[in-house]
Amino acid sequence: MNRESLSELLFDTRFLTVTVANWLIAFTVMIIAFFALRIVVSFLRRRLAHAAEHTDSLFGRVAAVVVGGTSNTLIGLVAILIGVGLLDLPPRWMERVSSLWFIVVALQVALWANRAITLGMEHYVSRSAGVTKPQLSALASLMMWGAKVFLWAILLLAMLSNLGVNITAFVASLGVGGIAVALAVQNILGDLFASLSIAVDKPFEVGDFIVVGSQSGTVEHVGLKTTRIRSLGGEQIVMANTAMLSSTVQNYKRLSERRVVFKFGLTYDCTAEQARQVPGIVERIIRGMDKTRFDRSHFQGFGDSSLDFETVYIVLDAGYNTYMDIQQEINLQLMTEFAALGVDFAFPTQTIHVASVPTPHRPQADVPVAA
């Protein structure tokens, strides 16, 4: 092929109104642009990772992972758009290329933001839970879901607006539809927001032993709608999050020490001198035991069938078994000490005092009448 034929092929032959030479230049620029962009992305990722290692910066680590996750497909589309920009296209085609530029760039930014949201939320949960690979909590799942929905909704609306779609009516219809859906699933939404409240306020967490009304057990899972509790009997209790928040929750896992109030009664045969010794005996027994702190012990009052005493002490351990062992030992020692003192524990009795006894009526004997 001579020079004139080659020149005619390159500059006179057209494909879709564009010369072959223009197409070759565009394809060459596309290939160069693709590899150049890949090199730039790899360079930025290495630089950010290196900086993050030396500064221990969370932002640097997240940025390195986000940049490293740049889509090759979108890089290829950017390279194609760069090459297409060199073609001698009609004005109406160039307008469409401009719209495609916005869509491609917006998609890549949204993918970066989506990845950053995931990494940031995982870091938050990891820091809160204090473990390396935590299971995402209800708060993290709900917040991540809401942030991603908001992100992609904004992206969709921006893309539609860029393509010339009137989004005002579209947004208004979405608002009306959203209200209808919210009314239809208000119970579910109530549980969702209740789970958010539980995650933010943290009245209990997985592993805590709680009492809710008549139910008690260890929290196994806090979900978006329900909370699952493993009871002492072994069965699993599933409660709606709204019901959990509307009830009083007693969290025994956060019990650092236990305040114990117990009472006992002695019979009325107990003398004043013996009753005066009882608080001292109780105090000596409690102070002599480990993991306890004595508070007070008093002769409280006169009961229906007993002299009532009240004692308060602190168990310096949250374990229920520890508390029961201590209380058992206190009771046994009280039995021994009171037996030595000569006093008895009271039990319900009732004494009836009769003021007078009526004389039984006797019938009179028949008296003979004189004739």
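This is a predicted model: local features need pLDDT of at least 70, side-chain atom pairs count only at pLDDT 80 or more; totals for chains, interfaces and linings use all residues.
Residues are numbered from 1 along each chain as its sequence is written, and side-chain values use heavy atoms, with hydrogens and water left out.

Let me start with the loop that holds Ser-305 and Ser-306. Ser-306 lies between strand S9 (292-302) and strand S10 (307-315), and Ser-305 is found in the loop between S9 and S10 as well; helices (H or I, at least four residues) and strands (E, at least two) are DSSP runs, numbered from the N terminus. Are these serines buried or exposed? Ser-306 is buried, with a relative accessible area of 11%, and Ser-305 is buried at 18%, where buried means under 20% relative accessible area, exposed over 50%, and partly exposed in between, with a 1.4 Å probe and protein chains only.

If we set aside residues up to four places away in sequence, Ser-306 touches Gly-265, Leu-266, Tyr-268, Gly-301 and Ala-346, while Ser-305 is in contact with Tyr-268, Ala-346, Phe-347, Pro-348 and Thr-349. The side chain of Ser-306 also makes a polar contact of 2.6 Å with that of Asp-308; a polar contact is a pair of N or O atoms within 3.5 Å, and within protein one must be able to donate a hydrogen and the other to accept it, with residues adjacent in sequence counting only if both atoms are side-chain atoms.

Turning to salt bridges, defined as a side-chain nitrogen of Lys or Arg within 4 Å of a carboxyl oxygen of Asp or Glu, the count by this rule comes to ten. One of them joins the side chains of Asp-208 and Lys-253, at 4.0 Å from N to O. This pair links distant parts of the chain, 45 residues apart, with Asp-208 in the loop between helix H8 (186-201) and strand S3 (209-212), and Lys-253 in the loop between strand S7 (249-251) and strand S8 (258-266). Asp-208 is buried, with a relative accessible area of 5%.

A further salt bridge is formed by Glu-220 and Arg-230, whose closest N and O atoms are 2.8 Å apart. Because Glu-220 lies in strand S4 (residues 215-222) and Arg-230 in strand S5 (residues 226-231), the pair ties together parts that are ten residues apart in sequence. Glu-220 counts as partly exposed, at 34% relative accessibility, and Arg-230 counts as partly exposed at 32%.

Within helix H10 (residues 272-287), Glu-273 and Arg-276 are three residues apart and therefore separated by about one helical turn, and their side chains meet in a salt bridge of 3.2 Å, N to O. Here Glu-273 is partly exposed, with a relative accessible area of 46%, whereas Arg-276 counts as exposed at 58%. Salt bridges that share partners also join Asp-208, Lys-253 and Arg-254 into one network.

How values were computed. Contact means heavy atoms within 4.5 Å.
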